[in-house]
Protein chains: 2
Amino acid sequence: MQNFTFQNPVKIVFGKNSISQLDQLIEPKARVLLTYGGGSIKRNGVYKQVKTALKKRKVFEFGGIEPNPSFETLSKAVELGRKEKIDFILAVGGGSVMDGSKFIAAAIPFKGKNTWQIITSQGAAVKSAIPLGTIVTLPATGSEMNTYGVISRKSTKEKLAFGSPLCYPKFSILDPLTTYSLDKKQLRNGIVDTFVHVCEQYATKNSKAPLQDGFAESIYKTLIDIAPAVMSGKKDYDARANFMWCATMALNGLICQGVLQDWSTHTIGHEMTAFFGLAHAETLAIILPAVWKFELNKKADKLAMLAENVFGINKGTKKQKAEAAIKHTVKFFNSVGMPTSLASYNLKPADCEVIVKRAAEQGWQIGENLDINANTLRKIFALAK
Amino acid sequence: MQNFTFQNPVKIVFGKNSISQLDQLIEPKARVLLTYGGGSIKRNGVYKQVKTALKKRKVFEFGGIEPNPSFETLSKAVELGRKEKIDFILAVGGGSVMDGSKFIAAAIPFKGKNTWQIITSQGAAVKSAIPLGTIVTLPATGSEMNTYGVISRKSTKEKLAFGSPLCYPKFSILDPLTTYSLDKKQLRNGIVDTFVHVCEQYATKNSKAPLQDGFAESIYKTLIDIAPAVMSGKKDYDARANFMWCATMALNGLICQGVLQDWSTHTIGHEMTAFFGLAHAETLAIILPAVWKFELNKKADKLAMLAENVFGINKGTKKQKAEAAIKHTVKFFNSVGMPTSLASYNLKPADCEVIVKRAAEQGWQIGENLDINANTLRKIFALAK
């Protein structure tokens, strides 16, 4: 096991009707910037619950944060927050709203000339942040219990991650009832995103950390178990609650402690969203199996463990088990209605040359083995056809 | 899954030679009360590492905190801390030193007449606490990442738990190398204590929380896997590191979220330590199987899951599987050299009448089903003979 430092101070308030606890979580005199997305919270009753719980607090609203939240949109919220001297941000929504709100929280007090520096410094330039709370309505990114945000810049077709301990939410409210109004694509995307988060922290060289491996496998197995009930669209509270807790635990800094990580699928996926507009989870489902095929020998130990401990495959050589793990992962993605090839989106490997070009310009050497560069990336896109 | 609130702000610094990071974790001008136990840290080199890392800080020492730390001993440390106006406590040791230091931290600024109120109020009377850091040398209690302490009062033969969020350590340093000097009894006790912590949060009625169940099962399986290497006494770093992380994760408030708990084995065990002087883990290994036999029908679902998912038993009825889980748990305890009966300590059920008497006086109704009272407790001691 590798050395590590771990600290996660986020307060999680989990369960039925937990939004009503907002009143105990935010200062009565706070000037609140309420951020949200396309307005679904107004249709599904969450907005009303939030406004009721906030009582007489001064609330400024900023709606319209889009999927893959853009620097351009968020900068308007920063302007509003500065003008109104807001001192608390309440993000109500999924990963895009939460990620975007972390950027807003860091950008409002930012002293530099250009708040994009927050992103290019990967968060290192963040010296203070407005306190932030979240209400999660779409289990997927784990943003509710981590320091990260992924921000897109439309003008330059960039999609980049940043993180700062100052961006940890002070609290996150997770009420599984809020997920009842999600559509199948949102549920599918959330399941796949969560699954791939675990993969990026598990499917690496073996770090001899069986407890972390067991935790990761527990998330995999729970996701696989609850997926049919979640995808059925039925109001199955326990299925939704377990889904929600899986998403949080998959990316709150716990399962990665002491082990190797490999975020290459995410890095490549972000480029595909930036260039082709695919949803985040859609890109992951295409790229993950291709990266695993490309790295088959180097990841064979852990992929074989995935086959054995999650998919129950006990026969065959290590390599055969590793191949079976890829096959079963693809099958699982497909089972929730998620395509796993470029062709499903009418894309060809040749279309991905724009990304290969960027990788060449930026001198990529990514993946746990630093062996994904412009040349090998072309092979990965070929495997993803 | 039940509603819950979860927050654990402890900073964990884990790994080889991590004690050297102390200098970055404590204010340079701190007046430090260094607490420890019987002096083993002076023999195994930990004391020297700590003193070197503390550099020129003003350090006051309080050694001699005994196993099952006593109110009487700790009160002397409180006196020293008040006299010297210490503003940081550094606990170096196992659960007794950490638990005792939490009491010291809460008692120094305590305004009430008698600091024992901290215990009788179960921590509710704690309004402030001196900041505390820990260096764990014996993986067992999980005290390094929770709010709890268990304190004994010799004069009244009491052993009681308290807890306060103000008693969370600011940081805990876990260096698996510090465990190399532990003797077999300490290692055995740590393994059994950790295992039983998981049991108290797992072997209850099913709460439909498969992720928490999976995490708990991962701790069980890791403990079972690494126990032979740990007990061999060899300097197997990964075995020790995984043992240490299991102990922390078993009682840091994670696996209990959203599920039923049953701490009756601990409650009964504390009385056995108070009256008979048995080590904490020794009492647990006697009482747990007896409680499980007594509650067999009510706990059958989860005990059968334990049999299937941890001990690999797939045959038989639910009841047979539940019985097999008890048998295999006893076998595991015995495999690390831990006795599991009263007779092993020359005790008879009749000797436990002092505890039955106390249970009657205090009107016990404990366990998840509130069905352990003075009468049924007598049955449990009979099952533990």
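This is a predicted model: local features need pLDDT of at least 70, side-chain atom pairs count only at pLDDT 80 or more; totals for chains, interfaces and linings use all residues.
Let's start with how the two copies relate to each other. Chain A can be laid on chain B with an RMSD of 0.0 Å, using a turn of 180° and a shift of 0.0 Å along the axis. The two copies are therefore related as by a two-fold rotation axis. If you want to find that axis on screen, look for Pro9(A): of the residues of chain A, its C-alpha comes closest to the axis, at 2.1 Å.

Now turn to the interface between the chains. Here 33 residues of chain A are in contact with 33 residues of chain B. On the chain A side, strand 1 (4-14), helix 8 (210-231) and helix 9 (237-250) each supply at least two residues. Strand 1 of chain A gives the most to this side, with ten residues. By residue class, the side of chain A that touches chain B divides into 17 nonpolar, ten polar and six charged residues. Since 100% of the interface residues of chain A are also interface residues in chain B, the copies meet through the same surface.

Strands of a sheet pair through backbone hydrogen bonds, in either a parallel or an antiparallel way. Strand 1 of chain A and strand 1 (residues 4-14) of chain B run antiparallel and are joined by seven bridges. Within this pair, Asn8(A) stands opposite Asn8(B).

What is the order of the strands in the open sheet of twelve strands? Reading across, the order is 3(A)-2(A)-4(A)-5(A)-8(A)-1(A)-1(B)-8(B)-5(B)-4(B)-2(B)-3(B), and the pairing is mixed. At the edges are strand 3 (58-62) of chain A and strand 3 (58-62) of chain B, each of which pairs on one side only. Neighbouring strands of the sheet are turned against each other by 25° on average, direction ignored.

For a parallel pair in this sheet, go to strand 4 (residues 88-93) and strand 5 (residues 132-136) of chain A, which are linked by five bridges. There, Ala91(A) stands opposite Thr134(A) of strand 5. Helix 5 (residues 95-107) of chain A lies across strand 2 (31-35), strand 4 and strand 5 of chain A, and runs at about 165° to strand 4.

Stepping back to the whole of chain A, we find domain 1 (11-177) and domain 2 (184-383). Their C-alpha centres lie 27 Å apart. Between them, 17 residues of domain 1 are in contact with 22 residues of domain 2. Strand 6 and strand 7 of chain A each supply at least two residues of the domain 1 side. That side divides into eight nonpolar, five polar and four charged residues.

The loop between strand 6 (148-153) and strand 7 (158-163) of chain A holds Lys157(A). Most residues other than glycine have a negative phi. Lys157(A), however, has a positive phi of about 50° although it is not a glycine. With 14 C-beta neighbours inside 10 Å, Lys157(A) counts as partly exposed.

You will find Lys55(B) in the loop between helix 3 (46-54) and strand 3 of chain B. Is Lys55(B) buried or exposed? Lys55(B) has 11 other C-beta atoms within 10 Å, so it is exposed.

Note on methods:
Residues are numbered from 1 along each chain as its sequence is written. Chains are lettered from A and ligands numbered from 1 in the order in which they are written. Two residues are in contact if their C-beta atoms, placed from the backbone, lie within 7 Å. Helices (H or I, at least four residues) and strands (E, at least two) are DSSP runs, numbered from the N terminus. Ala, Val, Leu, Ile, Met, Phe, Trp, Tyr, Cys and Pro count as nonpolar, Asp, Glu, Lys and Arg as charged, and the others, Gly among them, as polar. Two strands pair if DSSP finds at least two bridges between them. Axes are lines fitted to C-alpha atoms, for helices over the stretch in contact, and angles run from 0 to 180 degrees between N-to-C directions. A residue is buried if 20 or more other C-beta atoms lie within 10 Å of its own, exposed if 12 or fewer, and partly exposed in between; C-beta atoms are placed from the backbone. Copies are superposed by least squares on the C-alpha atoms of residues with pLDDT of at least 70 in both. Domain bounds come from an automatic or database domain assignment.
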